[in-house]
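Colleague: I would like to go through the assignments here and hear what each one rests on.

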Amino acid sequence: MTDNKSQRRFELPLPDGEIAAAYYRVDDEGRLVLIHTEVPYEFGGQGIATRLATGTFDLVRRSGGKVVLRCPFMGNFFRKHPEYADIVAG
């Protein structure tokens, strides 16, 4: 799991050089606004998006950052995982 700052996305490497990605923008307060989650079609239904969300939230927590949830998947993930409330700003 890496933060590709130049592409503004968190990346989870997958087989065959594919990646799952959580895209973000940075708001005026320096928070990461999670806007879109993408998993290649052929990897659907394998829990990849959940692994991506967990990795994203863990990386943000380690960096001391905050997230704003605008991506529906990330919002649903947070509802199921309130243990990340310390990094969710909205």
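Colleague: What makes β3 and β4 a pair, and how do they run?
Modeller: In this predicted model, 6 bridges join β3 to β4. Pairing takes at least two bridges, so the two strands count as paired. They run antiparallel, and Tyr23 stands opposite His36 in β4.

Colleague: Why are β1 and β5 said to stand at the edges?
Modeller: The open sheet has 5 strands in the order β1-β2-β3-β4-β5, with mixed pairing. β1 (2-4) and β5 each have a single partner strand, so one side of each lacks a neighbour in the sheet. On average, neighbouring strands of this sheet are turned by 35° against each other, direction ignored.

Colleague: How do you know that α1 packs on the sheet?
Modeller: α1 touches β1, β2, β3, β4 and β5, where contact means heavy atoms within 4.5 Å. The direction of α1 makes about 130° with that of β2.

Colleague: What covers the buried residues of α1?
Modeller: The cover includes β2 (9-13), β3 (19-26), β4, β5 (67-69) and α2 (72-80). Among the buried residues of α1 are Leu52, Phe57 and Val60.

Colleague: Why is Thr37 called buried?
Modeller: Thr37 has 16% relative accessibility, and the cut-off for buried is under 20%, so Thr37 counts as buried. Thr37 lies in strand β4 (residues 32-38). Leaving aside residues up to four places away in sequence, Thr37 touches Ala21, Ala22, Leu52, Cys71, Phe73 and Met74.

Definitions and conventions: Residues are numbered from 1 along each chain as its sequence is written. This is a predicted model: local features need pLDDT of at least 70, side-chain atom pairs count only at pLDDT 80 or more; totals for chains, interfaces and linings use all residues. Side-chain values use heavy atoms; hydrogens and water are left out. Helices (H or I, at least four residues) and strands (E, at least two) are DSSP runs, numbered from the N terminus. Buried means under 20% relative accessible area, exposed over 50%, partly exposed in between (1.4 Å probe, protein chains only). Axes are lines fitted to C-alpha atoms, for helices over the stretch in contact, and angles run from 0 to 180 degrees between N-to-C directions.
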